[in-house]
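Me: I have a model open and want to learn how to read its side-chain contacts. Can we go through them together?

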Amino acid sequence: MKQEVIIKTITASIIGVVLCMLIGLISGYIQSYSLTNWYPYLNRSSLSPPNYIFPIAWGIIYILNGISLGIIWGSNSHLRNSGVMLFSIQLALNFLWSILFFYMQSPMLGFINIFILDIALLLYMKRCYDIKKTAFWLNVPYMVWLLFATYLNLYVVVYN
């Protein structure tokens, strides 16, 4: 039985990481035009990292986030389904942000979305904590980065 749970968790983690990476690749494609033709001309915070940092940070975050999904999905907890649902909601909001902020070039809609995403991630993390604390801790870097991204988004709203 224990071996089945381990195999299920590993398989689910691989699926989760691949899913997150695909979302990241599609998001990158969606925002590529605006990254070169719109975003550089915005007033941005002096804390904004160089553009090459974002795919590195998101790559690491997506790996950790996908593994956390695998742990939740692979668990035998009665809370598993709600955990997977909360994961799906936060990932969809994550993807939607690229569309709103970059594709639609709407920092305000992006900010509304990322604020809701902050809450959705907190709810997912709470559910992770209830199911398996390791899954919670895997999302801490994501939460820190997301709060930083929220600040950067708000800065663009205020100063543009």
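**Salt bridges and cysteines**

Reply: Lys126 is partly exposed, at 48% relative accessible area (buried is under 20%, exposed over 50%, partly exposed in between, with a 1.4 Å probe and protein chains only). This is a predicted model: local features need pLDDT of at least 70, side-chain atom pairs count only at pLDDT 80 or more, and totals for chains, interfaces and linings use all residues. Residues are numbered from 1 along each chain as its sequence is written, and side-chain values use heavy atoms, leaving out hydrogens and water.

Me: How many salt bridges are there?

Reply: Side chains of opposite charge can pair when their charged atoms come close. The rule asks for a side-chain nitrogen of Lys or Arg within 4 Å of a carboxyl oxygen of Asp or Glu. The count here is two. Lys126 pairs with Asp130 at 2.8 Å, N to O. Arg127 pairs with Asp130 at 4.0 Å, N to O. Shared partners join Lys126, Arg127 and Asp130 into one network.

Me: Where do Lys126 and Asp130 sit in helix α4?

Reply: They are four residues apart in helix α4 (residues 107-131), so about one helical turn separates them. Helices are DSSP runs of H or I, at least four residues, numbered from the N terminus. Asp130 is partly exposed, at 35% relative accessibility.

Me: How many disulfides does a search of the whole structure find?

Reply: A disulfide is a covalent bond between the sulfur atoms of two cysteines. The cut-off is a pair of cysteine sulfur atoms within 2.5 Å. The search finds zero.

Note on methods: Helices (H or I, at least four residues) and strands (E, at least two) are DSSP runs, numbered from the N terminus.
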